[in-house]
Amino acid sequence: MTDNSRLRIAIQKSGRLCEGSMDLLKAIGVKLSIRDRLLIAHATNLPIDLLRVRDDDIPGLVMDGVVDLGFIGENELEEKMLERQALGKQHQFQTLERMEFGGCRLSIAVPNEFDYQGAQSLAGKKVATTYPYLLERYFKEQNINAKAVMLNGSVEVAPRAGLADAICDLVSTGATLEANGLEEKEVIFRSKAVLIQRAGDMPDAKQKLIDKLLTRINGVMQAKESKYIMLHAPKGRLDDVKALLPGAENPTLLPLAGSDERVAVHVVSTETLFWETMEKLKALGCSSILVLPIEKMLG
Ligand SMILES: Nc1ncnc2c1ncn2[C@@H]1O[C@H](COP(=O)(O)OP(=O)(O)OP(=O)(O)O)[C@@H](O)[C@H]1O
Ligand SMILES: O=P(O)(O)OC[C@H]1O[C@H](OP(=O)(O)OP(=O)(O)O)[C@H](O)[C@@H]1O
Ligand SMILES: [Mg+2]
C-alpha cells in the first residue's frame, strides 16, 4: 500500500535527467536506498517516496495528481501539456524551479544536400519528430504548410530511410546530427530540466516539506555559482582589490602574523574568478590567491 502522507516525487529512471535529479536530491539531504529495478524508492530520513519512471510519463503523473512533484525536461513537459490541452485532459501544474541540468534545444535539421533557404523551404515537406505538438505549433506560428511525422526513436535516421525530408529533434553538442549527415537550421524550443508540482491543495505538512526542499535547492544552486576566495593583499591596495572581486559582499580582513603591510582577505563571490582577474590581483601585489568551491549556503 502506498502511504499518502509521504511526498511523492517522480524522476526519470534512467537517461539524461537521472543523474542530475539524483545528485540534486542527494545534495539537499534526501537519503535513499535505491535497489536497481524498483519502481518506488523510499527515503530513509524524510517522508518522501521516489517514483522512478520513463520521462514521458512524468508530466501526466503530475497533471493527474498521482505524484506531488516531478523532475522533467521542459520540452517533454510542454509537449505533453499541448497534447493534453488538445485532448481536453487535465494539464495544470506549477513550475517550482528551473534546474541547471538537462539543457538542450529542440531543432529542425535537414540533410546536408537539402537546399535550405529558410523555414519556408519546409513547405510541403515531412518532418520526423517525437514532439509533434511543439513542431505543429512552430509551423502554425511561422505559417508553414509542412507535416509533422511522429517517430518515438531513431528520428535522425528518418531522412535516410526515406520516412521524412527533415527532422526535429533534441540537440546538445550537435554530434548526433553531424554523425547522421544533418545540419541544424531552426531552434524551435530551448529546454532545461524543471521541478514541477501538481495543482490543487497540498496538506500542510507536505507543503512545509516542499518549502524546505525548495530552500535547500536554492542553497545548493546558489552555492554552485559561488566561490570562496582567499588571498593576501597589500593594505594600501584594498580598494582596488575589492573592485576586482565579482559580486562579492564585504570581505573579511584578517591580520597576517608578522606583517603590518599585508592582510588576508576572505570573501564569498557570487561569480567564479577568471584567470584574467587572478592575474590582475597578482599585479596589484596579491599573493596566495585561492578559489574554493562552496558546498552549501543558507541565508
Ligand atoms: N543531448 C542532451 N543533452 C542534454 N539534455 C538532453 C539531451 N537529450 C535529451 N535531454 C533532456 O533529457 C530528457 C530525457 O532524455 P533521454 O534521452 O534520457 O530520454 P528518453 O530516451 O525519452 O528516456 P526514457 O527512457 O525515460 O523515456 C529530454 O527530454 C531532454 O529534456
Ligand atoms: O547533440 P547531441 O549532444 O549529440 O545530443 C543529442 C542526442 O541526445 C539525445 O539522445 P540520447 O543520447 O539521450 O539517446 P536516446 O535517443 O536513446 O534518448 C537526443 O535524442 C539526441 O539524439
Ligand atoms: Mg522518454
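A: Here is a walk from the domains to the ligand shell and then through the strands. Please keep in mind that this is a predicted model.

The chain is split into domain 1 (7-101 + 193-223), domain 2 (104-191) and domain 3 (226-293). Between the centres of domain 1 and domain 3, taken over C-alpha atoms, there are 40 Å.

Now to ligand 1. Domain 1 and domain 2 each give at least three residues to its shell. There are 16 residues around the ligand, and G15, R16, G73, C104 and S172 come nearest. Sorted by class, the shell holds eight polar, five charged and three nonpolar residues.

Next comes an open sheet of six strands with mixed pairing, in the order β2-β3-β1-β4-β11-β5. β2 (40-42) and β5 (93-98) are at the edges with a single partner strand each, so one side of each has no neighbour in the sheet. On average, neighbouring strands are turned by 30 degrees against each other, direction ignored. Within this sheet, β1 (residues 7-12) and β3 (residues 48-53) run parallel and are joined by six bridges, with L50 as the bridge partner of I9. Finally, helix α1 (residues 18-27) lies across β1, β4 (69-73) and β11 (193-198), at about 145 degrees to β1.

Key
Residues are numbered from 1 along each chain as its sequence is written. Chains are lettered from A and ligands numbered from 1 in the order in which they are written. This is a predicted model: local features need pLDDT of at least 70, side-chain atom pairs count only at pLDDT 80 or more; totals for chains, interfaces and linings use all residues. Domain bounds come from an automatic or database domain assignment. A residue is near a molecule or strand if its C-beta atom, placed from the backbone, lies within 6 Å of it. Ala, Val, Leu, Ile, Met, Phe, Trp, Tyr, Cys and Pro count as nonpolar, Asp, Glu, Lys and Arg as charged, and the others, Gly among them, as polar. Two strands pair if DSSP finds at least two bridges between them. Helices (H or I, at least four residues) and strands (E, at least two) are DSSP runs, numbered from the N terminus. Axes are lines fitted to C-alpha atoms, for helices over the stretch in contact, and angles run from 0 to 180 degrees between N-to-C directions. Two residues are in contact if their C-beta atoms, placed from the backbone, lie within 7 Å.
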